[in-house]
Amino acid sequence: MLDLDHFIKALPKAELHMHLEGSLEAELMFELAGRNQIALRWPTPQALRAAYRFDHLQSFLALYYEGCGVLRTRADFCDVTLAYLYRAHQNGVIRAEMFLGPQSFTSRGVPIATVMDGIFDAIDEARAAFGISGALLVSVQRHRSEADAYALLDAVEPWRWRILGFGLGGAEAGNPPSKFQRFFDTCRQRGFRLTAHAGEEGPASYVAEAADVLRVDRIDHGNACLDDRALVQRLVQRQTPLTVCPLSNLRLKLVPSMDKHPLRGMLEAGLNVTVNSDDPAYFGGHVSDNLMQCAQGLGLTVQQIVTLARNSIRASFMTAQEIADGLAAIDACCAQYGVALQD
């Protein structure tokens with residue numbers, strides 16, 4: 001009999017929607033706070049974890065940005081990135097395309113080189129140590145201005161050949177994707193891959209703007225697209241990847257329970273969905289935990305789980321050969337566990 005939990009962890013997969021700031025485990029936050037002589041308002045890591053009860057996205061973001069304050073040095077950014085990549089590797093992730101929003105740090109006086117060099121140190125070390133392929137997506141904060149986004153684009157120019165692409169993150173309310181149309185046009189002209197958060201707390205119209213105005217390669221979340229049948233048809237026709245984050249949606253009370261999550265309906269509608277962890281330290285699970293809880297809560301079949309893994313590899317920004325190798329690794333894993341191959 002198939003050990004589903006073991007199979008899900010072993011299944012090769014890509015993680016396409018996670019924020020390095022949100023992978024900062026409580027123990028590491030306290031370690032970095034001590035290293036940098038920063039006083040936290042929680043007495044212990046356990047007390048910090050007890051605060052992970054969020055009523056909505058904004059309540060989460062307030063704590064999330066507060067946690068960013070402990071990241072000050074190149075070694076700090078290396079440590080948090082390496083810790084995530086190690087856990088991702090343990091979860092069967094062979095490719096991690098990670099978001100980080102430098103504006104949260106440069107606005108506090110942290111030099112951009114400190115941020116970027118620390119992350120790339122960890123990506124190189126993780127590849128050498130355990131073979132995981134890591135890549136950085138620079139996230140622009142939507143509550144800031146488009147001029148601020150252009151300033152960030154200029155600031156990271158020295159690392160442009162190591163940056164995979166640009167994303168759009170932060171609180172959606174009052175900040176439609178179209179606010180950044182010129183910026184995304186510029187990034188596309190410079191050869192960067194593009195993603196945007198849309199349809200998490202925002203309406204279907206925000207998903208449509210991400211797809212049709214920003215013309216992104218992937219949409220992060222995208223849940224609200226189900227409210228617009230014509231939009232769903234366009235996304236299915238284009239096979240635009242949606243990087244869904246079920247445990248995040250649950251913990252932020254965007255769905256009342258896992259059995260009410262729209263993931264299964266999105267799969268059945270033919271949408272190109274993937275499963276990701278978003279902010280694993282705060283939402284109680286890495287990508288394999290998300291897949292396992294979806295399997296249990298939504299009654300997903302083993303074939304649907306394999307489809308989600310295959311979608312993640314295809315939706316990544318890897319080369320064609322790397323994608324082919326990733327799909328072959330999935331096939332080999334299925335054969336090892338006696339899971340019939342379907343596509």
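1. Strands E5 (residues 193-198) and E6 run parallel and are joined by four bridges; strands, like helices, are DSSP runs numbered from the N terminus (strands E, at least two residues; helices H or I, at least four). Two strands count as paired if DSSP finds at least two bridges between them. Across this pair, His197 stands opposite Asp220 in E6. The model is predicted: local features need pLDDT of at least 70 and side-chain atom pairs count only at pLDDT 80 or more, while totals for chains, interfaces and linings use all residues. Residues are numbered from 1 along each chain as its sequence is written, and side-chain values use heavy atoms, with hydrogens and water left out.

2. From E5 the chain passes through helix H10 (residues 204-212) to E6 in a right-handed β-α-β crossover. Right-handed means that, with the strands pointing away from the viewer, the path from the first strand over the helix to the second runs clockwise. E6, helix H11 (residues 229-238) and E7 also make a right-handed β-α-β unit.

3. Two bridges join E6 to E7, and these strands run parallel. The bridge partner of Asp220 in E7 is Thr243. In E8, Thr243 has Thr274 as its bridge partner.

4. The open sheet contains eight strands with parallel pairing, in the order E1-E2-E3-E4-E5-E6-E7-E8. Strands E1 (13-15) and E8 (272-275) stand at the edges with a single partner strand each, so one side of each is left without a neighbour in the sheet.
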